[in-house]
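Hello,

Here is the structure I promised you. Please open it first, then read my notes below.

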Amino acid sequence: MCTETQALRKRSQTGSAPEQIKSLQPYAKSPVGLFTAKTTSPKIILQKHEKTDARKYLVAQAGLENFIRSIVAALELKLPNTVRFNMNGQGVMQTWEDVYMAERVYTQCLGISKRIYQTHAYTHEPERKLAYFILEEHNERSSWILPGFDFYVLVFCYYNDNKEVTAVDVQYDQMSFFLHCMGLAQAHAWFVEHVITRIAITWAKAFHMTGLVNPFTFTLQLILFPALLMYCWGVMSTTA
C-alpha cells in the first residue's frame, strides 16, 4: 500500500446556522443530467461551507480497485457489491465487479499500461452523506507512439445510514480525454485559442452591437447560418 495519510483538518464552527439552510443543496444530489438547482446565495453558501469537513488526506494508488478501497477507508465507509456507478452520464454500472472489469478493458483498448490515481480537495458533508474530490489520473502508455498524460475528474460519492456506499457520480470532459488519448490535445487547444476563439469574439461583439441579444435570436442564428452555408455550397456546386 502506498497510501499516505496526513493530518486531518476541520474548519472551525463559528455560530449556529439558520435551520432552513439545511434543506438547501447547491450541489446535485440526483444523478448527472437532472435539473436539481435550487435557490441559494453567497451568504448561504458561506454558512454551509462552515459545516463541511475538508480533510488534508492524500491517497495515491496504482489501479482503480486499490484506489477506491483507500478513499473509502478515510471515512470508514463500506463497499457492498451493489452500487450505482454513473460514468459521466454515458453509462451506469450496478456492481463493483463491472466497474473494475470495464476499467481494465477500456484502459487496454486505449493503450494505457499504467494508471496512478491521486486525490485533491477531499471534502466530506456528513449531513448529506456525501464525499467529493478532484481525482488526478496519471496515465502511462503501452507504446512510445502514444503520449502519456495527466487528467482531472470530479467524483461524488454517496452513502447511506449504515455507511455503505450506494452511488458514485464521475464527471469529466469526455472530448478532452479522448483528445489526450490520441495525442491531439495540444493541437486542438492551439486551434481553439487562435482560430475558434477569435471568430467567436468577433461574432459576440457584432451580435452585442445589434442590441437583439436573447435566446430567440440566438436560436434563429443556429438555424439560419447552417442553412445559408448549405445553400451557398449548393450554388457553388452547380456553377462549377
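What is the mean pLDDT of the chain? The mean is 78, and 75% of the residues reach 70 or more. pLDDT is the predictor's confidence in each residue, from 0 to 100. Over residues 1–35 the pLDDT is below 50. Where pLDDT is low, the predicted coordinates should not be read in detail.

Some ground rules. This is a predicted model, where local features need pLDDT of at least 70, side-chain atom pairs count only at pLDDT 80 or more, and totals for chains, interfaces and linings use all residues. Residues are numbered from 1 along each chain as its sequence is written, and side-chain values use heavy atoms, with hydrogens and water left out.

Now the core. A nonpolar core is a set of buried Ala, Val, Leu, Ile, Met, Phe, Trp, Tyr and Cys residues joined through side-chain atoms within 4.5 Å. Buried means under 20% relative accessible area, with a 1.4 Å probe and protein chains only. The largest core has 31 residues. Phe85, Trp96, Val165 and Val168 touch the most other members. The largest share, six residues, comes from β7. Helices (H or I, at least four residues) and strands (E, at least two) are DSSP runs, numbered from the N terminus. A second, separate core of five residues includes Tyr132 and Phe156.

Last, a strand pair. β3 and β4 (residues 92–95) run antiparallel, joined by three bridges. Strands pair if DSSP finds at least two bridges between them. Phe85 stands opposite Met93 in β4.

Best wishes

Technical notes. Buried means under 20% relative accessible area, exposed over 50%, partly exposed in between (1.4 Å probe, protein chains only). Contact means heavy atoms within 4.5 Å.
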